[in-house]
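Keep the picture open as you read, and look up each residue as it comes along.

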Amino acid sequence: KMKVRLHLCVKGLPNPASVFASVSMDGNIDLGQTEVVRGSSNPEWEKEFVFDVGEQQRDITVQVVRLIETKEEILNSLSFDIIKIAKKEPNVDGVKLSGGGILYAHAKEYPVAG
């Protein structure tokens, strides 16, 4: 088993927006969501996700969601093998968002004591 820390940010949204990201593993395990960042073209979320992954491929899906009044609009989603990102240099993957901007996922192996 391996423990991984995931950090998310978006660069270059064409219009400053209120956005958050939701994260799931293997399509059905909800890992939670970030806080909402308001009025930013380059949101960087404070919340990091730390979780265990097994030896088999563990697919992580990140959805970037824009809030418009009471509605949520999914800008795009990124799916990736968390172990591949955590073990390569640099530890990052990115995808273009519909409407502009790029979502970056940074993943690093998290040191476990003992």
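## Salt bridges across the chain

Start with K3 and D52, whose side chains meet in a salt bridge with 3.3 Å from N to O. The two partners sit in distant parts of the chain: K3 belongs to strand 1 and D52 to strand 5, with 49 residues separating them. This is a predicted model, so keep in mind that the positions come from a prediction.

How many salt bridges does the structure hold? The count is 5. Another one joins R58 to D26, with their closest N and O atoms 2.9 Å apart. Here too the pair links distant parts of the chain, as R58 lies in the loop between strand 5 and strand 6, D26 lies in the loop between strand 2 and strand 3, and the two are 32 residues apart. R58 counts as buried because its relative accessibility is 14%, and the cut-off for buried is under 20%.

R66 is partly exposed with 23% relative accessibility, and E73 is partly exposed with 31%. As a general idea, side chains of opposite charge can pair when their charged atoms come close.

## The overall fold

Now step back to the whole chain. It contains 1 helix and 9 strands. Along its principal axes, the C-alpha trace spans about 45 × 25 × 25 Å.

Of the 114 residues, 40% are buried. Among contacts with a separation of 6 or more, 57% are between residues 24 or more positions apart. The accessible surface comes to about 6,500 Å², and carbon and sulfur atoms account for 46% of that surface.

## Inside the nonpolar core

Which residues touch the most other members of the largest nonpolar core? They are L6, L8, I60, F80 and I82, in a core of 30 residues. Several elements supply at least two residues each to this core, including strand 1, strand 2, strand 6, strand 7 and helix 1.

For another view, look at L67 in strand 6. L67 is partly exposed, with a relative accessible area of 23%. Not counting residues up to four places away in sequence, L67 touches S18, F20, V36 and E72. L67 and F20 are 47 residues apart along the chain, and their C-alpha atoms are separated by 8.1 Å.

## A hairpin near the end of the tour

Strand 8 and strand 9 run antiparallel and are joined by 5 bridges. One of the pairings is between K96 and its bridge partner I102 in strand 9. The hairpin that these strands form has 5 residues between them, and G99 there takes a positive phi near 90 degrees.

Most residues other than glycine have a negative phi, and most peptide bonds are trans. With that in mind, find D26 again: it has a positive phi of about 55 degrees although it is not a glycine. E69, also not a glycine, has a positive phi of about 55 degrees. E69 is found in the loop between strand 6 and strand 7. Is E69 buried or exposed? It counts as exposed because its relative accessible area is 80%, where the cut-off is over 50%.

Finally, visit the peptide bond from E89 to P90, which is cis with omega near -10 degrees. P90 lies in the loop between helix 1 and strand 8.

Methods
Residues numbered from 1 in each chain as written. Predicted model: local features only at pLDDT ≥ 70, side-chain atom pairs only at ≥ 80, totals over all residues. Heavy atoms only, no water. Core = buried A, V, L, I, M, F, W, Y, C linked by side-chain atoms within 4.5 Å. Buried < 20%, exposed > 50% of the residue type's maximum accessible area, 1.4 Å probe, protein only. Helix = DSSP H or I, 4+ residues; strand = E, 2+ residues; numbered from the N terminus. Salt bridge = Lys/Arg side-chain N within 4 Å of Asp/Glu carboxyl O. Contact = heavy atoms within 4.5 Å. Areas by Shrake-Rupley, 256 points an atom, 1.4 Å probe, with all protein chains shown as cover. Pairing = 2+ DSSP bridges.
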